[in-house]
Amino acid sequence: MTDRKTMRGMVLTGHGGLEKLEWREDLAVPEPGAGEVLIKVGAAAVNNTDINTRTGWYSKAVRGDTASGATQGYDDSQSGAEGSWSGEPLAFPLIQGADCCGRIVAVGTGVDTGRVGERVLVRTMQSRAKPDGSVVTFTFGSECNGGFAEYAVAASGDALRVSSDLTDIELAGFPCAFSTAEAMIQRCGLGAETVLITGASGGVGSAAIQLAKRRGAHVTAVTTAAKAEALRKLGADETLDRDSGIPATAFEVILDLVGGPQFPGLIEGLRDRGRYVTSGAIAGPIVELDLRTLYLRDLTLLGSTFQPDSVFEDLVSYIEAGEIKPVLAATYPLSDLRNAQDAFLGKSHVGKIGIQVSD
């Protein structure tokens, strides 16, 4: 339990540049409602989605790559009210942080008090039922407050107990990136096949290497020469320089996080009846597709955002079994989040940049 009334955290005051991140020491400690738990956050991490939400990149009015407005933001005509995962306006101020590792310190009504003290990871991509019975994706740190503060609340079912010798900062690198990668892999049914992974040195890409190898795939990772050896150590069988072009009809599956101008070459890189799955477009969301290639070669194109609850449950089981490992490039204190995001945008690292929230 905690008797604290206020907490420290980083608040997003609106769509825009890094100046929209504001350090506060007078935030109210949230109270868990019915079916919820209160978590003392140990660590979080930096993700593309935190930055894209800050800038409003998800707005359909933005047509460029994610880096073009990541520091200064986009102008008001681009980053509209719909600049979120859900397409609905965000409520500001917002505590972001898609990743969260910590311990339950209090529970709301309807939750077993025996959960107090559990070490947990919070599911990043959550499902919420609408009044009409349809299900929408609800993102931790976007449609609700997330892990960039000393305390956070989550639905009890979205706070999964984890038993591991890894530190909080190591565990915090798993939820968003690894669940995104695992969802892509499950969406396309990847097996012991040839797979190309773009953006392979980033959080999702480096996670995808480990998760694809876990399924027996032969992995080719698209990267730079400076990062190639690090990706081979993670399990990549081969690396491909991102400026060298994609070999034609070489891959049964492509896991793409980049999009942009290289998209036509990626499609040509698929074998007949190959599968392409995307969960990102850091090089740009607007691409060119020749529909004749799609139908004459019987290709399958898949998008991946929604995650069945089983994806995160599977991920926790892999962690506990030691089948996947964290890839931590650097650690920053939460109060230094602006510099952490600036370092993230430099793209000189492999894996995740961790955020230490509590001691």
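A residue counts as buried when its relative accessible area is under 20%, as exposed when that area is over 50%, and as partly exposed in between, with a 1.4 Å probe and protein chains only. The structure is a predicted model, in which local features need pLDDT of at least 70 and side-chain atom pairs count only at pLDDT 80 or more, while totals for chains, interfaces and linings use all residues. Residues are numbered from 1 along each chain as its sequence is written, and side-chain values use heavy atoms, with hydrogens and water left out.

The account begins with the sheet. Helices (H or I, at least four residues) and strands (E, at least two) are DSSP runs, numbered from the N terminus, and two strands are said to pair if DSSP finds at least two bridges between them. Six strands form an open sheet with parallel pairing, in the order β12-β11-β10-β13-β14-β15. The edges are held by β12 (238-241) and β15 (300-303); each has a single partner strand, so one side of each is left without a neighbour in the sheet. From one strand to the next, the twist averages 20°; axes here are lines fitted to C-alpha atoms, for helices over the stretch in contact, and angles run from 0 to 180 degrees between N-to-C directions.

Strand β10 runs parallel to β11 (residues 218-223), to which four bridges join it, and V195 stands opposite V219 of β11. Between these two strands the chain passes through helix α4 (residues 203-214), and this β-α-β crossover is right-handed; that is, with the strands pointing away from the viewer, the path from the first strand over the helix to the second runs clockwise. Three bridges join β10 to β13 (residues 251-256), again in parallel, and there V195 has V253 as its bridge partner. Further along, β14 (residues 270-278) pairs with β15 in the parallel sense over four bridges, and R275 has T300 in β15 as its bridge partner.

The loop between β13 and α6 (263-268) contains L257. At 9% relative accessibility, L257 counts as buried. Leaving aside residues up to four places away in sequence, L257 touches M184, T198, G199, V204, G205, S279, G280, A281 and I282, where contact means heavy atoms within 4.5 Å.

Two helices also meet. The axes of α1 (residues 48-55) and α9 (residues 337-345) come within 11 Å and cross at roughly 105°. That makes α1 roughly perpendicular to α9; angles of 65 to 115 degrees count as roughly perpendicular, under 35 as roughly parallel, over 145 as roughly antiparallel and the rest as oblique. N48, D50, I51 and R54 of α1 make the contact with Q341, F344 and L345 of α9.

Some backbone details remain. Most residues other than glycine have a negative phi, and most peptide bonds are trans. F92 and P93, however, are joined by a cis peptide bond with omega about 0°, and P93 lies in the loop between α1 and β4 (101-107). T249, in the loop between β12 and β13, is not a glycine but has a positive phi of about 45°. T249 is partly exposed, with a relative accessible area of 45%. K347 likewise is not a glycine and has a positive phi, of about 55°. K347 is found in the loop between α9 and β17 (352-356) and is partly exposed, at a relative accessible area of 36%.
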